[in-house]
Amino acid sequence: MRNIKKDFFGNQVLTDINLTLQEGEVLGLCGENGAGKSTLMKILFGMNVIRETGGYEGDILLNGQKVSFNSPFDALAAGIGMVHQEFSLIPGFSASENIVLNREPKKRNVVSEIFGERLDTLDYNEITGRAEKAIDKMGFTVDKDMVISEMPVGHKQFTEIARELSKDQLKLLILDEPTAVLTEKEAEALLASIRSMSENGIAVIFITHRLHEILSVCDKVVVMRDGFVVKDIAARETSVNEISKWMVGRNVDTAAGADVRDHTEAKTIMSIRRLWVDMPGETVRDVSLDVKEGEILGIGGLAGQGKLGIPNGIMGLYEAGGTVELDGKTIPLNNPRKCLDASLAFVSEDRRGVGLLLDETLEWNVAFPAMQVQNKFLKSYLGGLIKWRDEKAIREVTERYIDELAIKCTGSKQKAKELSGGNQQKICLAKAFALEPKFLFVSEPTRGIDVGAKALVLEALRRFNRESGVTVVMISSELEELRQICDRIAIVSGGKIAGILPATDPSEDFGMLMVSMVK
Amino acid sequence: MYEPLDKSSLTLRERISGFVNSFGLPRLIIAAFLLVLYIAAPFVGAGFWIQISNTINRFSWNAIMVLAMVPMIHSGCGLNFGLPLGIISGLLGATLSIEFGFTGPMSFLMAILIATPIAILLGVVYGWLLNKIKGGEMMIATYVGFSSVSFMCMMWLLLPYHSPTMVWGFAGKGLRTTISLEGFYDKVLANFLQINIGTLSIPTGTLLFFALLAFAMWAFLHTKTGTAMTAVGSNPTFAKAAGVNVDKMRLLSVVLSTWLAAIGILVYEQGFGFIQLYMAPFYMALPAVSAILIGGASVNKASIANVIIGTFLFQGIVTMTPTVMNNMIHMDMSEVIRVVASQGMILYALTRKTEATK
């Protein structure tokens, strides 16, 4: 791949990527979330989203010839196979049927002689035979007759790999985080099968967050960060330490820790003990954490490790267990109202789903939680029997936040869905600020918004913390952003707290923590 | 940081299309059609003021049942196709009030008082059911409405009613299909402060009664609870995260809607002069649904203005087509047009869950 460039609507995600891969070589591709790994692989595999978003620049050369795939089918025909993070198997079919799907061997019969080949019968002996061959090639035994829906996740993953291997023309196999769902033993078996593939002359691109796997199986490591290839090195010449440093290390250490304050002396405002949260994709297993009054605590970690589960669980949006104390008082879990009554506030990472009333005015969005929880912006009549919405107070508070947070809109009566992502995020913040909480959870406040808006959002958060003395816990997958505004940063890995460090510590330490307990 | 829209730069064409968008094309067409009917009325020999009176009368009978749509739309339960359930509560109130021997205006008051607890009870059960099947409310509501009508078809026969004004003459038991309200609450609201100018007659009392309920609904939507109800309909997850009990709000909206339907049918009866039992409630939901949709409401947004405009347009078409069209082409087209307009409107609204118009 030469000089690959890609932008999504002017947002540059890949810049000058150069990759070369020999026959039978195993390449390990790693990088933080959003570094561009998946986009690069989608380009290589000719996925539709790439074409729909304006295509890409640069060339892909296969065996010295320039190729351009318009669809995954072209890529398949050229000998590129891909195993996706999400399973693309038919649950009700057996393993062998899935392996040969759409490439089934067929027999002619009387009906198909008349009506054409769509009515050919399937040759089940041949199907079984091919499936067996592919499973042998993989080197890990999967029951070929088992129905997919009854399989453990690991076996599904292997079935997908077997499906790719059953294609005779396969030259390059892309594995996108295949070990994420595997147990340790299965992962080892997978690594062994990668080795045997490479001996058979199949080149493999292996994407994973488990760096030691890369070192044990790959010939070459490519580290990506922010859409650039930052390192391209032979695997035996490097170490886990070095890779994690390249993954997170940025040249922006300047901004980090500009105004870090030490709160070790302050009293503990929130103490979390043995918290578990059942949030799909972000399971929290066992988190114990103390938050000091007045600090900005960052919670970082790779996607899927459980960092988002922590605030969602405490605020009662997902099923949770354990104990959470605020100011010495226990907060009942699984009850959003009780949390809000206890002066907690939460800015959700799911802006459009949880954070906003898209069809309502900005006024409603800003004032609603404060109105419902604290009876603000209401006028009481008949001794409190009738609580009338105080439109004037609502407009005033909304206009104040529009000014303070520099929200771009046509007025406080505009609908929330008409704003841009960054301004919607500011509305979410305003909503939380209007609650005047003692303690604020902010989840992924900068996701999907542009750089300028990011800076404003972070600044608003910091000001809110420093001026009103509100304790802020900010969850973000961008480590550098956390280092910019947080006092301390906790890293979540495998559903647990892997460690808490002052924001001033070097990036590579955080990188080590991130991958330390990945399961 | 305001960025006011510069309206002066719009061309005439943009303005017209903007107006059509904001008013809603279907509503515009129906309004234009109704206008044509009114203009045509005197030419085909139907008195203009009589027609206006008819329209206002029918508006006054039906408006409360259309108003009953509002709470459930606000809470995100969709259109209340289960309206017959509330209507049955009203019918029970009406028949029981007569059975207990109340007459005149008192029978109307008692009918409301008896219907209220029944409507609340049925509303709670209905709301509980709708909370179990979030996402499929409208379909389930339809079946709830239909099955309750069928169930009551049996009950009207079996319940031990004895009042001679209501039971079948020969058997002495089982309620008749149509019960006259003469001597009970026939026109009890309509005659209150009725205005008669020439051929124009306005049932002031009924209109005032509707205005009272509409004002109460408008006011309710401006309270803390009403705001929470709207937010639940707009984004349940947001409401939950803001500490609102989503299921409770939905339940409340269903109870409100059912109760309004019960009151609505009583008001309808006092205008119409008869209680209609058995299969009659079966056909009550669709006109109310299409009226509010014609009024510019959508599946998840509705205002009092939608109720008023919609009821007027829908009932206007229903009253005007028979007289005008039949006089014009000597063929009974009214039923066809009514069905096309009402069902077509529902279909149209269900296919596009977009914003409501003002």
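A residue is called buried if 20 or more other C-beta atoms lie within 10 Å of its own. Leu37(B) has 22 C-beta neighbours inside 10 Å, and therefore Leu37(B) counts as buried. This leucine belongs to helix 2 of chain B, which covers residues 25–40. Setting aside the neighbours within four places in sequence, the contacts of Leu37(B) are Met320(B), Thr321(B) and Val324(B). Between the C-alpha atoms of Leu37(B) and Gln51(B), which are 14 residues apart along the chain, the separation is 9.9 Å. As with everything described here, these values come from a predicted model.

How confident is the prediction for chain A? The mean pLDDT of chain A is 80, with 91% of its residues at 70 or more. Among the elements of this chain, the lowest mean pLDDT, 54, belongs to strand 1 (residues 2–8) of chain A, while strand 22 (residues 471–475) of chain A has the highest, 91.

Where domains 1 and 2 of chain A meet, eleven residues of domain 1 are in contact with nine residues of domain 2. On the domain 1 side, helix 8 (residues 184–199) of chain A gives the largest share, five residues. Sorted by class, this side of domain 1 has seven nonpolar, three polar and one charged residues.

Next comes a sheet of chain A. Six strands form this open sheet, in the order 6-9-10-3-11-12 and with mixed pairing. Strand 6 (80–83) and strand 12 of chain A are the edge strands, each pairing on one side only. On average, and with direction ignored, neighbouring strands of the sheet are turned by 15 degrees against each other. One of the pairs joins strand 3 of chain A to strand 10 (residues 203–207) of chain A, in the parallel sense and over four bridges. Here Val26(A) stands opposite Val204(A) of strand 10 of chain A.

Which strands does helix 10 of chain A touch as it packs on the sheet? They are strand 3, strand 11 and strand 12 of chain A, and the direction of the helix makes about 25 degrees with that of strand 11 of chain A. Helix 1 (residues 37–44) of chain A lies across strand 3, strand 6, strand 9 (172–176), strand 10 and strand 11 of chain A, and runs at about 150 degrees to strand 9 of chain A. Within helix 10 (residues 240–248) of chain A, the buried residues are Ile243(A), Ser244(A), Trp246(A), Met247(A) and Val248(A). The elements of chain A that cover these buried residues include strand 3 (26–31), strand 11 (220–225) and strand 12 (228–234), along with helix 9 (211–217), helix 18 (479–485) and helix 19 (507–516).

Finally, the two chains meet. Their contact takes 31 residues from chain A and 20 residues from chain B. On the chain B side, helix 9 (224–234) and helix 10 (236–241) of chain B are the elements that give two or more residues. Helix 9 of chain B supplies the largest share of this side, five residues. The residues on the side of chain B that touches chain A divide into ten nonpolar, seven polar and three charged.

Note on methods: Residues are numbered from 1 along each chain as its sequence is written. Chains are lettered from A and ligands numbered from 1 in the order in which they are written. This is a predicted model: local features need pLDDT of at least 70, side-chain atom pairs count only at pLDDT 80 or more; totals for chains, interfaces and linings use all residues. A residue is buried if 20 or more other C-beta atoms lie within 10 Å of its own, exposed if 12 or fewer, and partly exposed in between; C-beta atoms are placed from the backbone. Two residues are in contact if their C-beta atoms, placed from the backbone, lie within 7 Å. Ala, Val, Leu, Ile, Met, Phe, Trp, Tyr, Cys and Pro count as nonpolar, Asp, Glu, Lys and Arg as charged, and the others, Gly among them, as polar. Two strands pair if DSSP finds at least two bridges between them. Axes are lines fitted to C-alpha atoms, for helices over the stretch in contact, and angles run from 0 to 180 degrees between N-to-C directions. pLDDT is the predictor's confidence in each residue, from 0 to 100.
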